[in-house]
Amino acid sequence: GGGGLLLFGRLPLSHRLLEPLQSRFPQPRLPSRIDGILLMAGAELPSSTESRGEPQLSEHATRYTAALRLAARYPQARLVFVGGPMRDPSTGRLGQAGVARELLTTVGLDPRRLAFELEATDTCDSATGARRLLQPRADERWVVVTSAGHLPRTMACFRAAGWEVIPKPADYQTSFGRPSASDFRFARNLYLLDLALHEWVGLVYYRVSGRTRELFPAPQPMADPGG
């Protein structure tokens, strides 16, 4: 075990585990109209937000920048935060949605565009909860924004919920090309190993437990991209 930690820490092997997840869904060719943007929870830091008095996000914050760019491009689209309570029901402390509300309501968005799904406890709960909350019509187009490495599991859950959304990856944690010094940082590589294993194990567990219908979902052609 120690040898494995040393190997994965010193060499960028974790990048090889994460890259198939991140590259599974490429950047989409978006249509001229979308009806809504689904921002998946996971970048919020509730404890730091409470202690600092300012919304704090983790290194997954580009989920927010991607969602806000879409909101600017499609001013009629709704922006829906998916996953996590406003406050932790057991402690009363600020929750993930509480951080999202503090941030999203202060960046110039019309509050009438915003909605929050508050009941989900995991990715598949998020998909079913969002569909139950929004009741999307068959002709509506919704874009889901999450980390690129999390997108395969997210799409498997939305498809299992009977909702084919448009995948929009953000928050790429690695890049391939010429090796750099950052590729050999011990703690960073172990962190990426944890991210990759979490997603791969999650994909297998959801499929084996029957919560999803696909082990490793693939992109599907989008009909009428310019309509």
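Start by selecting Trp142: at 4% relative accessibility, this residue counts as buried. Buried here means under 20% relative accessible area, exposed means over 50%, and partly exposed is in between (1.4 Å probe, protein chains only).

Before you click on, a word on what is on your screen. This is a predicted model, where local features need pLDDT of at least 70, side-chain atom pairs count only at pLDDT 80 or more, and totals for chains, interfaces and linings use all residues. Residues are numbered from 1 along each chain as its sequence is written, and side-chain values use heavy atoms, with hydrogens and water left out.

**Stop 1: the rings around Trp163**

The rule used here takes rings of Phe, Tyr and Trp (its six-membered ring) and pairs them if their centres lie within 6.5 Å; planes under 30 degrees apart count as stacked, over 60 as edge-to-face and the rest as tilted. The structure holds five aromatic pairs. One of them is yours: the ring centres of Trp142 and Trp163 are 5.8 Å apart and the planes sit at 75°, so this pair is edge-to-face. It links distant parts of the chain, with Trp142 in strand 4 (residues 142–147) and Trp163 in the loop between helix 7 and strand 5 (166–170), 21 residues apart.

With Trp163, Phe158 forms another edge-to-face pair, 5.6 Å centre to centre and with 65° between the planes. Both Phe158 and Trp163 are buried. Show the three side chains at once and you have a cluster: ring pairs link Trp142, Phe158 and Trp163.

**Stop 2: the disulfide**

Next, pick Cys157 and Cys124. What joins Cys124 to Cys157? A disulfide does, with 2.1 Å from S to S; the term stands for a pair of cysteine sulfur atoms within 2.5 Å. The structure holds one disulfide. Cys124 lies in helix 6 (residues 123–134) and Cys157 in helix 7 (residues 151–160), so the pair ties together parts that are 33 residues apart in sequence. Look along the S-S bond, too: the torsion about it is about -75°, so the disulfide is left-handed. Are these cysteines buried or exposed? Cys124 is buried, with a relative accessible area of 5%, and Cys157 is buried as well, at 2%.

**Stop 3**

To count, a side-chain nitrogen of Lys or Arg must be within 4 Å of a carboxyl oxygen of Asp or Glu. Arg153 lies in helix 7 and Glu199 in helix 8 (residues 186–208), so this pair ties together parts that are 46 residues apart in sequence. Arg153 counts as buried at 7% relative accessibility, and Glu199 does at 8%.

**Stop 4: Glu50 and its two arginines**

By this rule, the structure has eleven salt bridges in total. For a couple of others, jump to Glu50. Arg93 is in the loop between strand 2 and helix 5, 43 residues apart from Glu50. Select Glu50, Arg87 and Arg93 together and you see a network of salt bridges. How exposed are they? Glu50 is partly exposed, with a relative accessible area of 32%; Arg87 is partly exposed at 45%, and Arg93 is partly exposed at 45%.

**Stop 5: a charge over a ring**

Arg211 lies over the face of Tyr206, at 5.0 Å from the ring centre. The rule asks for NZ of Lys or CZ of Arg within 6 Å of the ring centre and within 35 degrees of the ring normal.

**Last stop: zoom out**

Switch to cartoon view. The chain has eight helices and five strands, where helices (H or I, at least four residues) and strands (E, at least two) are DSSP runs, numbered from the N terminus. Of the 227 residues of the chain, 45% count as buried.
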